[in-house]
Amino acid sequence: IVVVSSFYHSFEEFKSLYNSCCALSKNLVDDNVFYAILLDFPDSTKMSFEQEKETLNMIDEFAKKERIYCRHVSLFIRKRIKEGNVYRAWERKRGGILTLFKALLSGNYKCFSRFEKIRGVNFAILLDEDSKLMPGDVKKSINVALHPANKKTIIFSYQNRINGFSLKSNYAKRFQESSYTEIYPYGTEFYYKAFGKGIFCG
């Protein structure tokens, strides 16, 4: 399952998030790969209220309509719990992920107001709403997790970031967008064909 964690700000932002997740679901289309939006609502002095019910209805209608194009995308919205005088979802991001895992493993979704029962999940790819994946990255991650040499590994961390301030020359900026991809060696390029060697640039 590929999980995108987010926080509800507005219905327009939710629609944008849902459309992004739909696009993400095309990274690997497979009946054994699921994509999920894990959503938390803001803190409140009440367990629920009319305006929020209207928002949930709008979300339900939108997701139902988009389901035609995004059949692999599921929506999970957590219920709030009372902490002092405030109702909030337990531990914003870490708590959301742990709650989702517990539900997926046990089949008990009582902590969610919106959910879809998914069975047989063995691995999870955790993303933020602004995370970007290159084509094929989901399959690569699954293959890494399934490799016998990684049998004892529980967590894989891919932390590729671009620090724009370190890119001083125009030449360096030329490769900025490709800094997190394996663009070499090109086995089909002319230089390799002619001399049997690849050009390294990184």
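Gly107 is partly exposed, with a relative accessible area of 38%; buried means under 20% relative accessible area, exposed over 50%, and partly exposed in between (1.4 Å probe, protein chains only). The model is predicted: local features need pLDDT of at least 70, side-chain atom pairs count only at pLDDT 80 or more, and totals for chains, interfaces and linings use all residues. Residues are numbered from 1 along each chain as its sequence is written, and side-chain values use heavy atoms, with hydrogens and water left out.

Gly107 lies in the loop between α3 and β6. Helices (H or I, at least four residues) and strands (E, at least two) are DSSP runs, numbered from the N terminus. Leaving aside neighbours within four places in sequence, Gly107 is in contact with Lys102 and Lys117, where contact means heavy atoms within 4.5 Å. Gly107 and Lys117 are ten residues apart along the chain, and their C-alpha atoms are separated by 7.1 Å.

**The chain as a whole**

The protein chain has six helices and seven strands. Along the sequence they follow the pattern β-α-β-α-β-β-β-α-β-β-α-α-α. Of the 202 residues, 31% count as buried. The accessible surface comes to about 14,200 Å², and 54% of it belongs to carbon and sulfur atoms; areas come from the Shrake-Rupley method with a 1.4 Å probe, and for residues only the protein chains shown count as cover. Among contacts between residues at least 6 apart in sequence, 66% join residues at least 24 apart.

**The sheet**

Five strands form an open sheet in the order β6-β3-β2-β1-β7, with mixed pairing. The edge strands, β6 (112-114) and β7 (125-128), each pair on one side only. Two strands pair if DSSP finds at least two bridges between them. Neighbouring strands of this sheet are turned by 30 degrees against each other on average, direction ignored. Axes are lines fitted to C-alpha atoms, for helices over the stretch in contact, and angles run from 0 to 180 degrees between N-to-C directions.

| Helix | Strands touched | Direction |
|---|---|---|
| α1 (residues 11-24) | β1 (2-7), β2 (35-40), β3 and β7 | about 160 degrees with β2 |
| α3 (residues 94-106) | β1, β2, β3, β6 and β7 | about 115 degrees with β3 |

Strand β3 (residues 73-78) pairs with β6 in the antiparallel sense over two bridges. Arg78 has Phe112 as its bridge partner in β6, and Ile77 has Arg114. β3 and β2 run parallel and are joined by five bridges; the partner of Tyr35 in β3 is Val73.

How many residues of β3 are buried? Six of its six residues are buried. Val73, Leu75 and Ile77 lie on one side, and Ser74, Phe76 and Arg78 on the other.

Thr99 is in helix α3. Thr99 counts as buried because its relative accessibility is 12%. Not counting residues up to four places away in sequence, Thr99 touches Arg78, Trp90, Cys111 and Phe112.

Ile81, Trp90 and Leu98 make a nonpolar surface patch of about 250 Å². Patches are made of residues with over 30% relative accessible area and no salt bridge: like charges are joined within 9 Å, nonpolar side chains (Val, Leu, Ile, Met, Phe, Trp, Tyr) within 5 Å. A salt bridge is a side-chain nitrogen of Lys or Arg within 4 Å of a carboxyl oxygen of Asp or Glu. Ile81 is found in strand β4 (residues 81-83) and, at 40% relative accessibility, counts as partly exposed.
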